[in-house]
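These are my notebook entries on one protein model, taken in the order in which I looked things up.

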Amino acid sequence: MIDRIGGMILEKKLDSVVVETGGFGLLVYLPGSDLGRIDEGDRATIYTYLQVKDDGFSLFGFLDEKDRELFLLLIGVTGVGPKVAMGIFGRFSADDVIYFIQNGDAKSLTEAPGIGKKTAERLLLELKDKVKGLSVAAPRGDIAPVSAQGAVQEAMDALEGLGYATNEAKAAIQGIDSDDVEVLLKAALRRLAMKG
């Protein structure tokens with residue numbers, strides 16, 4: 001297993017980074033929260049998991065070793081692969097996930113993409129004993145709004161990428177009640193088209 005890699009961030013993509021290490025440029029998939037903490041040109045140490053499949057290799061990484069350890073526990077559960085586990089990290093922090101498991105909160109876990117009721121219950125059943133002794137803070141009460149804010153920011157970035165000014169993008173999105181980026185974008189583009 002490749003335990004960790006260190007080097008310069010050569011390129012930052014939507015769901016991954018390219019890290020220069022030992023003369024190689026390695027593509028590493030990172031959760032969105034970690035992508036927000038690093039920029040191209042930064043030096044970083046990334047704790048990794050190497051997935052080996054018939055059609056190739058994939059590296060998944062985390063800036064915190066604790067996150068990688070929880071990721072390894074998650075992918076040990078039947079029906080939870082690396083992509084689904086990364087989806088969980090895209091929605092919740094490691095502390096949030098551990099808290100939900102310790103408190104038998106399957107409903108909150110189903111808010112992560114790719115996690116249905118049965119998978120959430122399997123996570124609780126298989127991981128409850130493994131995370132029992134870990135101390136974590138209770139999740140913030142603003143988890144849902146933070147997700148909504150992230151969606152708004154993503155939609156605004158997309159509109160700015162299409163050439164709209166920041167204030168235009170903000171005005172177009174304001175008041176749209178959704179935390180789905182696609183819904184926000186479509187509604188905002190309709191508004192902008194009507195104005196133009």
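I took helices (DSSP H or I, at least four residues) and strands (DSSP E, at least two) as runs numbered from the N terminus. For burial I used relative accessible area with a 1.4 Å probe and protein chains only, where buried is under 20%, exposed is over 50% and partly exposed is in between.

I noted that this is a predicted model, in which local features need pLDDT of at least 70 and side-chain atom pairs count only at pLDDT 80 or more, while totals for chains, interfaces and linings use all residues. Residues are numbered from 1 along each chain as its sequence is written, and side-chain values use heavy atoms, with hydrogens and water left out.

Entry 1, the whole chain. I counted nine helices and five strands in the protein chain, and along the sequence they follow the pattern β-β-β-α-β-β-α-α-α-α-α-α-α-α. The C-alpha atoms fill a box of roughly 55 × 45 × 35 Å along the principal axes. Of the 196 residues, 37% are buried, and of the contacts between residues at least 6 apart in sequence, 51% join residues at least 24 apart. By the Shrake-Rupley method with a 1.4 Å probe, the chain exposes about 11200 Å², with carbon and sulfur atoms supplying 51% of that area.

Which residues of helix 2 (residues 65-75) are buried? I found Asp67, Arg68, Leu70, Phe71 and Leu74 in that state.

Just after helix 4, Gly104 takes a positive phi of about 65 degrees.

I took a salt bridge as a side-chain nitrogen of Lys or Arg within 4 Å of a carboxyl oxygen of Asp or Glu, and a search of the whole structure finds 12 of them. Arg68 pairs with Asp3 at 3.1 Å, N to O, which links distant parts of the chain, since Arg68 is in helix 2 and Asp3 is in the segment before strand 1 (4-12), 65 residues apart. Is Arg68 buried or exposed? Arg68 is buried, with a relative accessible area of 2%, whereas Asp3 is partly exposed at 31%. Arg68 also meets Glu69 in a salt bridge at 2.9 Å, N to O, and Glu69 is partly exposed at 37% relative accessibility. I then found that Asp3, Arg4, Glu65, Arg68 and Glu69 are linked in a network of salt bridges.

Arg37 forms a salt bridge with Asp64, their closest N and O atoms being 3.0 Å apart. Arg37 lies in the loop between helix 1 (32-35) and strand 4, and Asp64 in the loop between strand 5 and helix 2, so the pair ties together parts that are 27 residues apart in sequence. Arg37 is partly exposed at 48% relative accessible area, and Asp64 is partly exposed at 31%.

Key. Contact = heavy atoms within 4.5 Å.
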